[in-house]
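Hi,

Here is the structure I promised to pass on.

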Amino acid sequence: MLILVTNDDGVRSHGLRALASVLSELGDVYVVAPDRNRSAVGHALTLDHPLRAEEIKPQVFAVSGTPTDCVNLGIHGLLPRKPDLVVSGINCGTNLGDDISYSGTVCAALEATLMGLPSFAVSLDTTRFTSENLAPATTFSKKLVTMVLKNGLPEGTFLNVNVPCGPCSQVLLTKQGKRHYGESVVTKEDPRGRKYYWIGGSEVGFEDIPGSDCNALQQDAISVTPLRTNMTNELTYNDFKSWSLDTMLDLD
Ligand code: MN
């Protein structure tokens, strides 16, 4: 079995190394990951300049691009054949609710799924990895790889996994929740009197939605959310029929 491991925290991340190490007990692991931290680049693909991939250790590649670039390069260029599975993580920090669309970790799994491969993303609720806090996430990832390979994943579906820091109470099947980001732009002045801005302030919380990924982590549960590549909103699709979009065709 061939497994591609990637992340968005960069090839030197302890989370990535711990994940690759535990998954190597199941099969042949290739690591293709950004050469530096590329968190929050979402699903970005590099098209305006060439990419470099340096094999820093056997089967470990540092790429001068995004997590999505890494999945593409791994599958189309660096791996000896198509992998059986792509795992992204272990991310330093959760990817819950609205984080998903910003997350390079989650979007690497999205990219693999778009390429027709089973995939999941794993994130740990911590700001600093230790071998102790990584252990539940690595063990769960290993079990989930076995489960995914046994059952397969429905077409266009991948999993977003979040693991609490410390003892885990249970494993919950969840739905994407809703984050509150609060005051998210900090404005300051540089030493030459020019303003600068910093996006991403303190997180103030999340909506209390039973069954959501955010709630699961609050309960010290491992959260597993099935996500889809197709973003069509089936629930509201019919509501838009009353807009009679075709009447907008007269564009003169
Ligand atoms: Mn990250």
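Starting with overall size: the protein has 252 residues, and a compact globule of that length would have a radius of gyration near 18 Å, so the 20 Å found here agrees. That radius is taken over C-alpha atoms, and the globule rule is 2.2 Å times the number of residues to the power 0.38.

Before you read on, this is a predicted model, in which local features need pLDDT of at least 70 and side-chain atom pairs count only at pLDDT 80 or more, while totals for chains, interfaces and linings use all residues. Residues are numbered from 1 along each chain as its sequence is written, and side-chain values use heavy atoms, with hydrogens and water left out.

The C-alpha trace spans about 60 × 55 × 45 Å along its principal axes. You'll find 7 helices and 13 strands (DSSP runs numbered from the N terminus: H or I of at least four residues for helices, E of at least two for strands). Buried residues make up 44% of the 252; buried means under 20% relative accessible area, exposed over 50%, and partly exposed in between, with a 1.4 Å probe and protein chains only.

Now the metal site. Which residues hold the manganese ion? Asp8 (OD), Asp9 (OD), Ser39 (OG) and Asn91 (OD1) coordinate the manganese ion at 2.1 to 2.3 Å. Asp8 sits in the loop between β1 (2-6) and α1 (14-23), and Asn91 is in strand β5 (residues 85-92), so the pair links parts of the chain 83 residues apart. Asp8 and Asn91 are both buried. Donors here are N, O and S atoms within 2.8 Å of the metal (3.2 Å for Na, K and Ca), and water is not among the atoms, so the site may look incomplete.

On to the inside. The largest nonpolar core has 31 residues, and Val5, Leu23, Val31, Val87, Phe120 and Val161 have the most contacts inside it. Its largest share, 6 residues, comes from α5. A nonpolar core is a set of buried Ala, Val, Leu, Ile, Met, Phe, Trp, Tyr and Cys residues joined through side-chain atoms within 4.5 Å. Apart from that core lies another, of 15 residues, among them Val32, Phe61, Cys70 and Ala108. Contact means heavy atoms within 4.5 Å.

Helix α5 (residues 131-151) has 21 residues and reaches 30 Å from its first C-alpha to its last, close to the 30 Å expected at 1.5 Å a residue (1.5 Å times one less than the number of residues). Among its buried residues are Leu134, Phe140, Leu144 and Val148. Just after α5, Gly152 takes a positive phi of about 70°.

A few single residues to check on screen:

- Asp99 is in helix α3 (residues 99-102) and counts as buried at 9% relative accessibility. Leaving aside neighbours within four places in sequence, Asp99 is in contact with Thr94, Arg179 and Tyr181.
- Asp220 is in the loop between α6 (213-218) and β13 (222-228), and has a positive phi of about 60° although it is not a glycine.
- Ser244 lies in the segment after α7, with phi near 45°.

Cheers
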